[in-house]
Amino acid sequence: MSTISLKIEFGGGLELLFSNQRSHRVTIPALVPASGSSGDSSSGEEAAKKPADLSYLISWLKDHLLKERAELFVENGTVRPGILVLVNDADWELEGEGDYQLKDGDEIVFISTLHGG
């Protein structure tokens with residue numbers, strides 16, 4: 001099974017939700033279960049897989065690295081409003097948001113723009 005290695009960084013206070021660690025190196029599967037697949041076993045196992053994308057990574061981070069208060073990171077299956085996501089230093093909105101297909105060596109940065117006061 002092939003994998004993708006990524007550098008993940010958190011800022012603006014988000015690192016507090018991830019073991020107070022700003023930078024992480026993670027390895028995820030290159031192919032992941034396709035959401036909404038029909039589950040038709042006759043079409044073969046590969047039909048139920050898709051390339052790993054940012055939506056999958058957000059879910060993976062929530063399940064594997066997030067240590068507390070998931071509601072401060074995710075909302076309705078994506079990052080909550082007020083979190084800036086950068087893909088290789090570019091705003092994820094320019095890259096297709098959650099549909100961006102991850103590539104080996106990508107750097108993904110999550111920065112909270114919401115601060116108490």
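Accessible areas come from the Shrake-Rupley method with a 1.4 Å probe. By this method the accessible surface of the protein, taken from a predicted model, comes to about 6800 Å². Carbon and sulfur atoms account for 47% of that surface. Of the 117 residues of the protein, 37% count as buried. The pLDDT averages 87 over the protein, and 85% of the residues score at least 70. Residues 36–43 have a pLDDT below 50, and this stretch has one contact in the model beyond near neighbours in sequence. Where pLDDT is low, the predicted coordinates should not be read in detail.

Read from the N terminus, the elements follow the order β-β-β-β-α-β-β-β-β-β. Among contacts with a separation of 6 or more, 58% are between residues 24 or more positions apart.

Five strands form an open sheet with mixed pairing, in the order E2-E1-E9-E7-E8. Strands E2 and E8 (90–91) stand at the edges; each has a single partner strand, so one side of each is left without a neighbour in the sheet. Strands of a sheet pair through backbone hydrogen bonds, either parallel or antiparallel. E1 and E2 run antiparallel and are joined by seven bridges. Within this pair, serine 5 has threonine 27 of E2 as its bridge partner, and isoleucine 8 stands opposite histidine 24 in E2. The pairing of E1 with E9 is parallel and extends over five bridges. Here the bridge partner of phenylalanine 10 is phenylalanine 110 in E9.

Helix H1 lies across E1, E2, E7 and E9 and runs at about 115° to E2. The largest nonpolar core has 30 residues. Those with the most contacts inside this core are Ile8, Leu61, Phe73, Leu102, Ile108 and Phe110. At least two residues of the core are supplied by each of strand E1 (3–11), strand E2 (23–29), helix H1 (54–64), strand E7 (83–87) and strand E9 (107–112). H1 gives the most, with five residues. With residues up to four places away in sequence left out, phenylalanine 73 touches Phe10, Leu14, Leu17, Phe18, Ile58, Leu61, Leu66, Thr78, Val79, Arg80, Ile83 and Phe110.

Leucine 65 is found in the loop between H1 and strand E5 (74–75). Its relative accessibility is 17%, and because buried means under 20%, leucine 65 counts as buried. Not counting residues up to four places away in sequence, leucine 65 touches Leu17, Phe18, His24, Val26 and Trp60. Leucine 65 and histidine 24 are 41 residues apart in sequence, and their C-alpha atoms are 9.2 Å apart in space.

Serine 112 has its place in strand E9. With a relative accessible area of 11%, serine 112 is likewise buried. Its contacts, not counting residues up to four places away in sequence, are with Gly11, Gly12, Leu14, Gly82 and Ile83.

Key
Residues are numbered from 1 along each chain as its sequence is written. This is a predicted model: local features need pLDDT of at least 70, side-chain atom pairs count only at pLDDT 80 or more; totals for chains, interfaces and linings use all residues. Side-chain values use heavy atoms; hydrogens and water are left out. A nonpolar core is a set of buried Ala, Val, Leu, Ile, Met, Phe, Trp, Tyr and Cys residues joined through side-chain atoms within 4.5 Å. Buried means under 20% relative accessible area, exposed over 50%, partly exposed in between (1.4 Å probe, protein chains only). Helices (H or I, at least four residues) and strands (E, at least two) are DSSP runs, numbered from the N terminus. Contact means heavy atoms within 4.5 Å. pLDDT is the predictor's confidence in each residue, from 0 to 100. Two strands pair if DSSP finds at least two bridges between them. Axes are lines fitted to C-alpha atoms, for helices over the stretch in contact, and angles run from 0 to 180 degrees between N-to-C directions.
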